[in-house]
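Subject: Structure handover

Hello,

Here is the structure I promised to pass on. My notes follow below it.

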Protein chains: 2
Amino acid sequence: MIGLGLVGGSISLGLRARGWHVQGTDLDPTRVEQALQRKVIDAVGLDPASEITFVAVPVRAVASAVEEALRRTDGLVTDVASVKGPVLAAVDSPRFIGGHPMAGSELEGLDGADADMFTGAVWVVTPTATTDDASLARLAAIVSDLGAEMVALEAERHDALVAVVSHVPHLTAATLMRVADERANEHAALLRLAAGGFRDMTRIASGHPAIWPDICFENKSAIVAGLDALIAGLSEMRTAVTDTNRDQLLRYLEQARQARANLPSRGVRPEILSEVRIPIPDRPGMIAEVTMLAAELGVNLSDIEVAHSAEGDRGVLILLVETDRTELFRGGLLARGYRPAISRLQ
Amino acid sequence: MIGLGLVGGSISLGLRARGWHVQGTDLDPTRVEQALQRKVIDAVGLDPASEITFVAVPVRAVASAVEEALRRTDGLVTDVASVKGPVLAAVDSPRFIGGHPMAGSELEGLDGADADMFTGAVWVVTPTATTDDASLARLAAIVSDLGAEMVALEAERHDALVAVVSHVPHLTAATLMRVADERANEHAALLRLAAGGFRDMTRIASGHPAIWPDICFENKSAIVAGLDALIAGLSEMRTAVTDTNRDQLLRYLEQARQARANLPSRGVRPEILSEVRIPIPDRPGMIAEVTMLAAELGVNLSDIEVAHSAEGDRGVLILLVETDRTELFRGGLLARGYRPAISRLQ
C-alpha cells in the first residue's frame, strides 16, 4: 500500500481482515508509525514480490508512484485516484489497471479508515486492450472480496461520469453553502432555518478542500461541461418560474423524481443469479471488453473468474449476473461475436 | 385542524399525544375518515370555541381558509404554509399569526404523519405590529410543547430566507438529477456510479412535485434572486476551474466548509439557560418586536411567557435564552429602549 490515508488505510484494514499480509509506505513517517501501531499494516515498505500494489496517493502524484511500483515489484499495480485519464495516459503496462473505489467518509486520514468502507460501493476499474486478463480477474476477485461491486469503464468515460455524479455536485454543494453564507452576514436567522434538506445537500461541502483543486484541474473539461449543463438547467428552471409555467416546472420536477427513484439501490446483492460462461480466445483485452460491455448495459457483475482449458489456447470467462439482466447481456455479447452459455443458479 | 395531510396530520398527532382534543376537516372525505380511524383527530368539523385553529392546506388555498377560520371561530388562527408574504398581505387580524414549521418527510399525506415530526425543528412565526400579544405567547408555548424552536421573523424576510435554504436547494437537487438523467440515456453505467454524496444531494428531489409550482410562483421574486445568486456562484467556480486558479478555488471551498461547520446543530436544547425579564407596556406588538429582534441576533428562545401585573397597564415578558447569548441580546434590547433584567438559572 503506497499512501496510508483514508482510502489506503481502509483498503489495508479490509485486506488484513480478510487474511492478507499488508506492507505499506507513506511520505509522512508519523502516519506510517500510526498505521503500524493501529495494525492497519503488518510491516513497512514495498515488497518486490507483492501480489498487488495499491497506489493511494493524491491524484497529482499517482502516475509517478504507479511507475515506481511497476519498477520495484513484479505483481499487479492499481490505483484509487478519482480521475483516471491522466494516469492512463502516463502509464502503459499490462500489469497496471486503473481503479476508483467510490466510497468515502466525512472523516479524514487514518482516523476515518474503516475495513468495511467499500461494502456495497461501486469500484470502477479501467482496463485497456493491453491489460493482462489474469490480472484483471485477480483484481475483480479482490474488489468483490472487499464487498464492492466492480464496474469496468474506459478511463475517459469514467471521468465524464464522475464529473456529473461527484465533482459537479461537490462544487454545487459548496456554492449553495457560499450563497447561504453570504446572505447569513445580513440575516443571522438564516442558518437557523436550514432544515434537513439543506443539510443533506451541503454535507459534502464539509470535507477538507485540499484534494479538490487537483481533481478539478485533472478533470477540467468534463467538470466544465457538467457545470455548463447544470447552469443551463438552472436557467431553464428560472425561466419556468418567471413565466409562471406550471406545466414545464412539473415536467422538470417529475423527470427528476422518476430519475431519483430509479437510482440503483446500494449494498443489495441480487438474490437470483445466473452464470454466464463465455469461451474467449486466450489473448489480452477480451475480459476488459466483456466487463466494459456489462457496465454499458447496466449489468452488475457479482463475480468474475477465468478458467483456462487444458490445451491452453482458449479460456472460459465465468461471470455471475442478475438473472433478470441475462437476456439483455446475451444480446450484447452476441452482437460482439461472443457465444455465451447462460444457466440460472439453483 | 383544517387540512389533514402530512403536516396537519403530524400536528394533530402531536397535540393529541400532549392531551389536546383535536377536531379536523379536509376537502377529501376519505382522508377525514382515515384520520378518524387512525386516531389522528378526535372528531370531525370546526369548533367555534376552539382555542387555536391550524390551517394546513396547500399554499394557494391558505388565505381563504384562514379567513373562514377567523369568521367561524373566536380563537387564535395560524397556518403552516412555506411562503408567508401573500397570506399576510391578504389577512390582517390580531388573531391570525402566520407560521411555518420547517420539517417534513419523504413520505406523503397521513402515511407520513408523525407526532414527533417537529422535535428539534425550527418553527417560524411571522407576527406583525397588530398581533395580539397573548395569542403570540400562546402559540409560542404550543410550538415549544411540540418540541420545536420558535423563530419570529417578518414575513418578507422569512420568504427571502427560505428561498435560499429550501426552495432554491430543492430546484437545484431536481436540476442535478435531471442533468444526470439526461446523461444516463447515453451512459447506462452513470447511475451505478452515484455514491452517497450524490444520493444525499438529490434526496429532496424524490418528493412529490405537486406542491412546488405554487410555492415557486408565490415566492417568485425571492426564488429568482436565489437562482441568480447560485448561477453567478457556479459561474465563478467555473472560471476558477478553467483558469486553474488553485487559490481562488480553495478560498471558495474553505468558505463553504467553514459555513457548513457553523450550521447550528439541530435538536440540541441548550443546557445553560438564563432568564430575561423585560417590562413591556401592555399594548400589542411588543412581543413581536422582541422575538423578531432575538431572531435577528441569532438568539434561541427556549421559552416565552407573559406575566401581567396586578395593575393591568404593564406586563413582563419572560424569555429563556442560552446564557452565552445574553450579552448580545441585552445590547440589542437596550438599543431598542427596553430595560431587561437577566439572571442565570441555577
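Predicted model: local features only at pLDDT ≥ 70, side-chain atom pairs only at ≥ 80, totals over all residues.

Helix H6 (residues 155-184) and helix H9 (residues 220-242) of chain B pack at an angle of about 60°, their axes 8 Å apart.

By class, the contact has nine nonpolar residues, three polar and one charged.

Now the two chains. Chain B superposes on chain A by a rotation of 180°, with 0.0 Å of shift along the axis and an RMSD of 0.0 Å. The two copies are thus related as by a two-fold rotation axis. B:Met201 is the residue of chain B closest to that axis, at 2.1 Å (C-alpha). Both copies use the same surface: 100% of the contact residues of chain B recur in chain A.

As for the interface, 85 residues of chain B are in contact with 85 of chain A. Elements of chain B giving two or more residues to its side include strand E6 (122-126), helix H7 (196-202) and helix H10 (246-261). H6(B) gives the most, with 20 residues. The side of chain B that touches chain A has 55 nonpolar, 15 polar and 15 charged residues.

Best wishes

Note on methods: Residues numbered from 1 in each chain as written. Chains lettered and ligands numbered in written order. Axes fitted to C-alpha atoms, helices over the stretch in contact; angles between N-to-C directions. Helix = DSSP H or I, 4+ residues; strand = E, 2+ residues; numbered from the N terminus. Nonpolar A, V, L, I, M, F, W, Y, C, P; charged D, E, K, R; others polar. Least-squares fit on C-alpha atoms with pLDDT ≥ 70 in both. Contact = placed C-beta atoms within 7 Å.
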